[in-house]
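Please work through the exercises below with the sequence and the structure open beside you. Each task is followed by a solution that goes step by step.

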Amino acid sequence: MRKIFERPKSLAEAAQHYCPGCTHGIVHRLVAEAVDELGLAGRTIGVSPVGCSVFAYNYFNLDFVQAAHGRAPAVATGLKRVLPDRVVFTYQGDGDLASIGAAEIVHAAARGEKITVVFVNNAIYGMTGGQMAPTTLVGQKTTTSPYGRQQEVAGYPIRVAEMLSTMEGAAYIARVAVISPQSVARARKAMLKAFTAQLEGKGFSLVEVLSTCPTNWGMTPVEALKWVETAMMPVFPLGVFRDWEVGEA
Amino acid sequence: MGEKMLMKGNEAIGEAAIKAGCRFFFGYPITPQNELPEYMSRRLPEVGGVFLQAESEVAAINMVYGASCAGGRVMTSSSSPGISLKQEGISYLAGSELPAVIVNIVRGGPGLGGIQPAQSDYFQATRGGGHGDYRTLVYAPSTIQEMVDLVMMAFDKADAYRNPVLVLGDGILGQMMEPVEFPDEPPPEPLAKPWATTGAEGRPPNIISSIILDPELLDKHNWHLMEKYEQIRKKETRWEIYDPYEAEIFLVAYGTMARVARAAIEAAHSRGIDCGLVRPITLWPFPERAFDELADRARAYLSVEMSTGQMVDDVKIAAAGRAPVYFYGRAGGVVPSPAEIVKKIELIFEEIKGGSKRA
């Protein structure tokens, strides 16, 4: 029988702790596929954040470091500066990357740090129980914005991909979604390209992935996928914001 | 030993680190330690190393964390307010059992404080500093030569115990120049680091993490760390007893203050009062054994500090009620003068009368 589908070698055979309908599992798979396809498993080091994906190291067959909240880009910088011929990536959520770790991500991009960042944006703090994130939409209800995020009080969501695309050190910045087979296929390409940017020494690369949190959004998995399209995408448009091969997009 | 040269303390620390095989430095500007990162920014590229100015002390210590995970010999330096910012990272280093050397050129606090020399980070340095049950080996050199020797040793101890090591100085030690000698021989081959995350080629993945959610396992991890600290306590405690006059009153002082204490001891001697000095070289572990050695003889201890009284707590613990413990200190960057200390010695002498003042 011909094998047409299998677990990527870099993805561990372990039950993941993510909630039903959460898209972390898909994003993990995309990372593992990119690492496998480029033949990098033996020389890749991942850095996990504080948040839902804190235990990401249990789900990859790769060397992994767990970083303090928001500091994954700094930890990745240390790893990469000691081991410039290895591949280093961080896997971070929106609270970790865009709130407490805002300084670290901006400066890693500005330095053109040759690391790859997988940024999972689900517009909420998942692990701690659904608090407002820097990417929470105006009007979105969370446990710390029970009346909906009010811009007079809590301002506006941060568009990370657009912001970092102004950095000369950034080689590749894209925003993708994982809500349909087509969008997953495009996300897969973006992930490959981001790792390729690092392999070729072009500079900093980041893929922002619009993700779901049915548990804390109070939706079914299917409703959550729809909400990404109808509510998140108008605020966080998909696209390639910077690409070293074509110049600033 | 090699040729003798005149070096500024902060630069001597940098050269000692390089001679010890340190090839990675991550720092952030703060007075009064800037000569050290500046020196490293010149020297590290010459030896194939990496100097990186981080966006903050927080980022710098986390770069240290990453570099240590990768198996690099790595160092950072700062001064008091910056060290406060690094404490989270130091706690993570200790929790994940990672080696690193951290230099604190202490200035007066709290808050932004001043930039003049102080010893007011003693509590922070010796009680862990960050959150959780942990300790760091803390060296407190008193001369530039000793700074060189201890910095070089710090890297080996950090590797051996897989634990961060602190070196405490102050603006005086950082800025003053003294002759120093570096060893001629190359540094010993650093220990193999099979635990490092270097890519899992040909072996199962290495994971470096400090999260342990199961309370039973975290308890176990904490006691494992404590066993390691007990080994450090047994093997790494260092001190010097300076006792030219077979004294009954002992000053206790470290770093810059120990230099002033020696001058005070000579001044007191010329006034007919004989004192000695207990000089802790490791602040943690604190040299309690020095006080056991002196227990039969010492009739009083005087802790002299550039703070409002921090090490004095450890002196009391070490004296264990066997002799009264006094304190004299100035804070905020004021260095107590030998004359001030002698005045205090004379008061103590009056209080414990029956002592052996010479005619």
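Predicted model: local features only at pLDDT ≥ 70, side-chain atom pairs only at ≥ 80, totals over all residues.

**Exercise 1. Helix 2 of chain A**

Task: Decide whether the residues of helix 2 of chain A are buried or exposed, and state what follows for the helix.

Solution. The test to apply is that a residue is buried if 20 or more other C-beta atoms lie within 10 Å of its own. Going along the helix, residues 72–82, one finds that Ala72(A), Pro73(A), Ala74(A), Val75(A), Ala76(A) and Thr77(A) are buried, and that Gly78(A), Leu79(A), Lys80(A), Arg81(A) and Val82(A) are buried as well. Eleven of the eleven residues are therefore buried, so helix 2 of chain A is largely enclosed by the rest of the structure.

**Exercise 2. Strand 2 of chain A and its partners**

Task: Identify which strands pair with strand 2 of chain A, and in which sense.

Solution. Start with the side chains of strand 2 (residues 63–66) of chain A: Asp63(A) and Val65(A) point one way, Phe64(A) and Gln66(A) point the other way, and all are buried. Then turn to the partner in chain A, which is strand 1 (residues 44–48), pairing with strand 2 in the parallel sense over four bridges; here Ser48(A) stands opposite Gln66(A). A further partner comes from chain B, where strand 9 (residues 207–208) pairs with strand 2 of chain A, again in the parallel sense, over two bridges. In this pairing Phe64(A) stands opposite Ile207(B), and Val65(A) stands opposite Ile208(B).

**Exercise 3. Two helix pairs in chain B**

Task: Describe how helix 1 of chain B is set against helix 2 of chain B, and how helix 3 of chain B is set against helix 4 of chain B.

Solution. For helix 1 (residues 9–19) and helix 2 (residues 35–46) of chain B, the axes come within 8 Å and cross at roughly 40°. These two helices are therefore oblique to each other, and their crossing is right-handed. The contact includes Ile13(B) and Ile18(B) of helix 1 of chain B and Leu36(B) and Met40(B) of helix 2 of chain B, and by class it has five nonpolar, two polar and three charged residues.

For helix 3 (residues 57–69) and helix 4 (residues 80–95) of chain B, the axes come within 8 Å and cross at roughly 25°. That makes helix 3 of chain B roughly parallel to helix 4 of chain B, and this crossing too is right-handed. Among the residues in contact are Val58(B) and Ile61(B) of helix 3 of chain B, together with Leu85(B) and Ile90(B) of helix 4 of chain B; by class the contact has eight nonpolar, four polar and two charged residues.

**Exercise 4. The sheets of chain B**

Task: Work out the strand order of the open sheet of seven strands and of the open sheet of five strands, and name the edge strands of each.

Solution. The seven strands have the order 3-2-4-5-7-6-13 (chain B), with mixed pairing. Strand 3 (50–53) and strand 13 (282–284) of chain B each have a single partner strand, so one side of each is left without a neighbour in the sheet. Within this sheet, strand 2 (residues 24–27) and strand 4 (residues 74–78) of chain B run parallel and are joined by two bridges, and Phe25(B) stands opposite Met75(B).

The five strands have the order 10-12-11-14-15 (chain B), and their pairing is also mixed. The edges are strand 10 (239–242) and strand 15 (325–329) of chain B, each of which pairs on one side only. Inside the sheet, strand 11 (residues 249–252) and strand 14 (residues 300–305) of chain B run parallel and are joined by four bridges, with Ser303(B) as the bridge partner of Val252(B).

Methods
Residues numbered from 1 in each chain as written. Chains lettered and ligands numbered in written order. Buried ≥ 20, exposed ≤ 12 C-beta atoms within 10 Å, placed from the backbone. Pairing = 2+ DSSP bridges. Axes fitted to C-alpha atoms, helices over the stretch in contact; angles between N-to-C directions. Parallel < 35°, antiparallel > 145°, perpendicular 65-115°, else oblique. Left-handed = near helix turned anticlockwise from the far one by under 90°. Contact = placed C-beta atoms within 7 Å. Nonpolar A, V, L, I, M, F, W, Y, C, P; charged D, E, K, R; others polar.
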